[in-house]
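Here are my notes on the model, as numbered points. Please read them with the structure open.

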Amino acid sequence: MDDINILCTDILSIKRTMDVTDWFGRASGAKLKRDKTQAQFFGPWLHTETRGLDLTVKATDLKILGVKFDSNGGGIRQRLGFWQLRQLTLEGKVLIIKTVILPLLLLLCSIFYPPRFFLLALDREIFYFLWGSKWERLRREVMKRAPEHGGKGVPDPHLVLGAQYTALHIKYATAPFREHKTVAMARFRMGSYLRSLKILTVDLRIPIAFNLPPAYDFIKKFLKHFNLEKENITVLTNHRSILSVVQEREKVSPVPGLTLGEAERVWREVSHSALQNKHKDLAWMVAHEILPVRAVMHSRGMGKDATCPRPGCGRPETVRHALWECSAARDLWAMAGPLQFPWLPVGGVPDYRMVRGGAIQRKKPPKKEIDLWITINCIKDAIWTSRNLLVGKHVQVSLPATHQLASSRRQEYAVRCHSDVGAGASQGGLHSNRP
Ligand SMILES: [Zn+2]
């Protein structure tokens, strides 16, 4: 006999259960292994009451479906730690969270509501995994926005798991089958609350409870927190609709010096499906100005020096300086023209706005525009790689070598284009040689 849970209210019931099981075993040939059977006590029990039991008594560690609601995030840390060993881009890490981590919890959390401390712990583990350290370079709220709103689409455990739980239980309570036990129970317990939301009509023939039990109080708090109390029943019984309603209300992150409409355009370019994941990350960090250049590190108390690492420069190294204004970067941009990169306009890239967000104002054929945007990102990648080699390994990369690096990065796209003609081929790669 395997995996059987029995709930008992007193010690006598446990002893009777064991006797009945043995009696059943004599007839069926099955045997209960007493040394492997475990008991767990909930509520105020005295030590003298629980002593006479010939079972192993566990005090804590209630594990359901391999997950434990604890302040360590239920073993999620170990699983994420395993993925941490691989060099993944932020895009790849978000994919891991969505496809490997959250599915572990979805089934469990649609039955038992996840406690607050568990959700907080889970959130902490996810962001620790994303940044690889306790230093988070951007507010979590911004990271959780959709890519077209300037975020990275990091799933919010409270929203995702809560939406699943809420949708399932409201669906039970509003199901048309009246005799079904689960439906009747959910309607009895949640009835008065759902009536106040005008989801259930008042029916005086059916009894309802006036106080919400903790399991359904979670739903009330969830709807209040995400301001969903006024939504109709079709939204509230479908977890995907709940997620999309919350996502539609998100604000667009501003980009310094641009209007909100232009910022939206920048975020679309930054998360363009034609870009490699590492270039999406780089462009996104540049637009948020969180690339770990010295001025950014210094302003957050992480570096002692804010000046540019290039010899003889001496100016503060901001994101703009590192990628556009520094002499090394300037030389490369000046050198890169339509002769070496046929996708660049005549006279090269005109200004930093274009470096940061692509050709925002221009109206070009889309194919040409995306080729230009890919090329710009390859050059940015080459500048950033040479800068990291200088800071990390003290290797001075010459201008022609940086140029060579940019064109080989551009070449990767051409090869990819030829080998995978199918759409979205550039999205699949998890690997990165991000410095
Ligand atoms: Zn410089």
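**Notes on the predicted model**

1. An unreviewed UniProt entry marks residues 95-113 as "transmembrane region". What does the model show over residues 95-113? The chain there is 89% helix and 0% strand. The end C-alpha atoms of that stretch are 24 Å apart.

2. In the model, residues 265-333 are 55% helix and 0% strand. The end C-alpha atoms of this segment lie 23 Å apart.

3. H7 against H8. Helix H7 covers residues 157-174, and helix H8 covers residues 181-196. They pack at an angle of about 100°, with axes 7 Å apart. Angles of 65 to 115 degrees count as roughly perpendicular, so H7 is roughly perpendicular to H8. On the H7 side the contact uses His-169, Tyr-172 and Ala-173. On the H8 side it uses Thr-182, Val-183, Ala-186, Arg-187, Met-190 and Leu-194. By type, the residues of this contact are six nonpolar, two polar and one charged.

4. H13 against H18. Which residues of H13 meet H18? They are His-279, Leu-282, Ala-283 and Val-286. Their counterparts in H18 are Asn-377, Lys-380, Asp-381 and Trp-384. The contact between H13 and H18 divides into four nonpolar, two polar and two charged residues. An α-helix has 3.6 residues a turn, so residues three or four places apart point the same way.

5. Geometry of that pair. H13 spans residues 277-288 and H18 spans residues 366-393. The packing angle is about 80°, and the axes are 10 Å apart. H13 and H18 are therefore roughly perpendicular to each other.

6. H18 itself. How far does H18 reach from its first C-alpha to its last? The span is 39 Å for 28 residues. That is close to the 40 Å expected at 1.5 Å a residue. After H18 comes His-394, with a positive phi near 55°.

Methods:
Residues are numbered from 1 along each chain as its sequence is written. This is a predicted model: local features need pLDDT of at least 70, side-chain atom pairs count only at pLDDT 80 or more; totals for chains, interfaces and linings use all residues. Axes are lines fitted to C-alpha atoms, for helices over the stretch in contact, and angles run from 0 to 180 degrees between N-to-C directions. Helices (H or I, at least four residues) and strands (E, at least two) are DSSP runs, numbered from the N terminus. Angles under 35 degrees count as roughly parallel, over 145 as roughly antiparallel, 65 to 115 as roughly perpendicular and the rest as oblique. Two residues are in contact if their C-beta atoms, placed from the backbone, lie within 7 Å. Ala, Val, Leu, Ile, Met, Phe, Trp, Tyr, Cys and Pro count as nonpolar, Asp, Glu, Lys and Arg as charged, and the others, Gly among them, as polar. The expected span of a helix is 1.5 Å times one less than its number of residues. UniProt positions are given in the numbering used here, feature names are shortened, and annotations may be inferred rather than shown by experiment.
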